[in-house]
Amino acid sequence: MLDYEKPPSGRWRTPPFDPRFPNQNQNRNCYKNFLDYRRCVKKMNRGGKSSQPCEYYFRVFHSLCPISWGQRWTEQIKNRNFAGKI
């Protein structure tokens, strides 16, 4: 899995508009993209494929989420006490 601190190469400033999250508060968008990224990586690793297609989710949650949230959630996943379903 990719580390939280290592953004993929390339230029990308902000995530595109997501109609599922039309409001100004993007907390849910951040959390959903973090979960989608983890699910994607898990599925790709299970199939023995490259996790490169998961880069989109990584970029979105990396852009929207505070660094401390991503670090905390990653730590919770490692300790097996993360509340989300991955």
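Buried means under 20% relative accessible area, exposed means over 50%, and partly exposed lies in between, as found with a 1.4 Å probe on protein chains only. This is a predicted model, in which local features need pLDDT of at least 70 and side-chain atom pairs count only at pLDDT 80 or more, while totals for chains, interfaces and linings use all residues. Residues are numbered from 1 along each chain as its sequence is written, and side-chain values use heavy atoms, with hydrogens and water left out.

**View 1. The salt bridge of R20 with D18**. The structure holds four salt bridges, a salt bridge being a side-chain nitrogen of Lys or Arg within 4 Å of a carboxyl oxygen of Asp or Glu. Here the N to O distance between the side chains of R20 and D18 is 2.8 Å. R20 is partly exposed at a relative accessible area of 48%, whereas D18 is buried at 14%.

**View 2. The salt bridge of E55 with R59**. The two side chains meet at 2.9 Å, N to O. Because E55 and R59 lie four residues apart in helix α2 (residues 55–64), about one helical turn separates them; helices are DSSP runs of H or I with at least four residues, numbered from the N terminus. E55 is partly exposed, with a relative accessible area of 24%, and R59 is buried, with 13%. Elsewhere, salt bridges that share partners link K32, D36 and R39 in one network.

**View 3. The salt bridge of R39 with D36**. The side chains of R39 and D36 meet at 3.6 Å, N to O. These residues are three apart in helix α1 (residues 27–46), and so are separated by about one helical turn. R39 is partly exposed, with a relative accessible area of 32%, while D36 is buried, with 13%.

How values were computed. Helix = DSSP H or I, 4+ residues; strand = E, 2+ residues; numbered from the N terminus.
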